[in-house]
Amino acid sequence: IDSRRGSGTTFTLTLPLTLAIIRALMVNVSGRTYAIPLNAVLEIVSARSDALRTIEKREVLDVRGQTMPFVRLARLFGLPEEPRTTHYVVIVGLAQQRLGLAIDELLGQQDIVTKPLSGRLRGTPGVSGATELGDRRAVLVLDIAALLEELSRHQLEPRSA
């Protein structure tokens, strides 16, 4: 704030450059909310359990004659899973790579302000940052590129997030 008698007041607001505003698909997995960047979402499908197969210890999903890797986000993040006969699957992709992410519930689209993780959470595989929702809940933003890269290098292993 810079005030000068007879001239007025100037307010200067400096925003950190580490923030980014993105459009995200908000999803629920085992009672936790996650944000998936909308630019990586290709489509959302409902898949019956019989559309899932296991090839070389990895689950895959058949969608319109194409086979793609299938990852249960609850299992990936070490969260409790409910048995299901039908899964909501968010198909994400970058370039030619595709991945089906099993979720519990679609919450809708939202513009979010993302901030990189710091401290112990920095470098968490598959997570690019976090955002705070209007109800003051912190939500992790998934890093689709990192998930696809990790999947191509080796099988995604469950972890805690």
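Predicted model: local features only at pLDDT ≥ 70, side-chain atom pairs only at ≥ 80, totals over all residues.
Thr131 stands opposite Val139 in strand E13. Residues are numbered from 1 along each chain as its sequence is written, and side-chain values use heavy atoms, with hydrogens and water left out.

Let's look at the strands around that pair. Strand E12 (residues 127-132) and strand E13 (residues 138-142) run antiparallel and are joined by five bridges. Strands (E, at least two residues) and helices (H or I, at least four) are DSSP runs, numbered from the N terminus, and two strands pair if DSSP finds at least two bridges between them. Five residues lie between the strands in the hairpin of E12 and E13, where Arg136 takes a positive phi near 70 degrees.

Which strand pairs with E13 in the parallel sense? That is E4, over two bridges, and within this pairing Ala35 has Val141 of E13 as its bridge partner. E4 (residues 32-37) also pairs with strand E3 (residues 20-29), in the antiparallel sense over six bridges. Here Asn28 has Thr33 in E4 as its bridge partner. The hairpin of E3 and E4 has two residues between the strands, and Ser30 takes a positive phi near 50 degrees.

| Strands | Sense | Bridges |
|---|---|---|
| E12 and E13 | antiparallel | five bridges |
| E3 and E4 | antiparallel | six bridges |
| E4 and E13 | parallel | two bridges |

Is E4 mostly covered or mostly open? E4 is mostly covered, with five of its six residues buried. Buried means under 20% relative accessible area, exposed means over 50%, and partly exposed is in between (1.4 Å probe, protein chains only). Across the chain, buried residues make up 39% of the 161 residues.

Arg75 sits in helix H1 (residues 73-76). With 40% relative accessibility, Arg75 counts as partly exposed. Arg75 and Val29 are 46 residues apart in sequence, and their C-alpha atoms are 9.8 Å apart in space.

Finally, step back to the whole chain, which has two helices and 13 strands. Its radius of gyration is 19 Å, well over the 15 Å that the globule rule gives for 161 residues, so the chain is more spread out than a compact globule. This radius is taken over C-alpha atoms, and the rule is 2.2 Å times the number of residues to the power 0.38. The C-alpha trace spans about 75 × 30 × 30 Å along its principal axes.
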